[in-house]
Amino acid sequence: MTVEIRPVGPDDYEAWLPLWNGYLDFYRATLKPGTSEITWARFHDAAEPMFVLGAYVDGKLTGIVHFIYHRSCWTAGDYCYLQDLFVADSARGLGLGRKLIEAVYARATADGCSRVHWLTKTDNIAARQLYDRIAEDSGFMQYRHLF
């Protein structure tokens, strides 16, 4: 088995979409029509601070991570928000989630970011077991107001 973590190219939309939909299904989320296509275009627009990396197992895309750079009032370097992480059921247990997060760490470090941060649901126990090993719980709660 060979594992490669690399950017997901513009020609990989058909491989990315089922993983993205799997992530949305996991969180019972629905998007307005056209949102996934806009997101995909942003990943491949050099002017956008949005990125997608993939975990390719034997050449097949089996995991994705989306991340976004944004400014902070607290540091000179950007923050990196790891927004979405998903690994196909068939590839769970291979360490791909950790490899994807570590690839984001490496990219954010190389790009001068001062922090990588993310959210997860409190009941996402399997993910939290990994996150507790590779990051610190900030102790903050998220509040939101939707429009």
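Student: What order do the strands of the open sheet have?

Tutor: The five strands go β1-β2-β3-β4-β5, and their pairing is mixed. Strands here are DSSP runs of E with at least two residues, helices are runs of H or I with at least four, and both are numbered from the N terminus. Two strands pair if DSSP finds at least two bridges between them. This is a predicted model, where local features need pLDDT of at least 70 and side-chain atom pairs count only at pLDDT 80 or more, while totals for chains, interfaces and linings use all residues. Residues are numbered from 1 along each chain as its sequence is written, and side-chain values use heavy atoms, with hydrogens and water left out.

Student: Which strands sit at the edges?

Tutor: β1 (3-7) and β5 (115-117), each pairing on one side only.

Student: And how many bridges join β2 to β3?

Tutor: Eight, with β2 (residues 50-57) and β3 (residues 60-70) running antiparallel. One example is Gly54, whose bridge partner in β3 is Ile64.

Student: Which strands does helix α3 lie across?

Tutor: α3 (residues 96-110) lies across β1, β2, β3, β4 (79-87) and β5, at about 160° to β4. Angles run from 0 to 180 degrees between N-to-C directions, and axes are lines fitted to C-alpha atoms, for helices over the stretch in contact. Helix α2 lies across β2 and β3, at about 90° to β2.

Student: Switching to helix pairs: at what angle do α1 and α2 cross?

Tutor: Roughly 125°, with the axes of α1 (residues 13-26) and α2 (residues 35-43) coming within 12 Å. That makes α1 oblique to α2 (under 35 degrees is roughly parallel, over 145 roughly antiparallel, 65 to 115 roughly perpendicular, the rest oblique).

Student: Which residues meet there?

Tutor: From α1, Tyr13, Trp16 and Trp20 meet Ser36, Glu37, Trp40 and Phe43 of α2; contact means heavy atoms within 4.5 Å.

Student: How many aromatic pairs are there?

Tutor: The count comes to 14, where rings of Phe, Tyr and Trp (its six-membered ring) pair if their centres lie within 6.5 Å, with planes under 30 degrees apart called stacked, over 60 edge-to-face and the rest tilted. Trp16 and Trp40 make a tilted pair, 4.8 Å centre to centre with 40° between the planes. Trp16 is in α1 and Trp40 in α2, so the pair ties together parts that are 24 residues apart in sequence.

Student: What about α3 and α4, how do they cross?

Tutor: At roughly 40°, the axes of α3 and α4 (residues 125-134) coming within 11 Å. That makes α3 oblique to α4. Gly97, Arg98, Ile101 and Tyr105 in α3 meet Leu130, Tyr131, Arg133 and Ile134 in α4.
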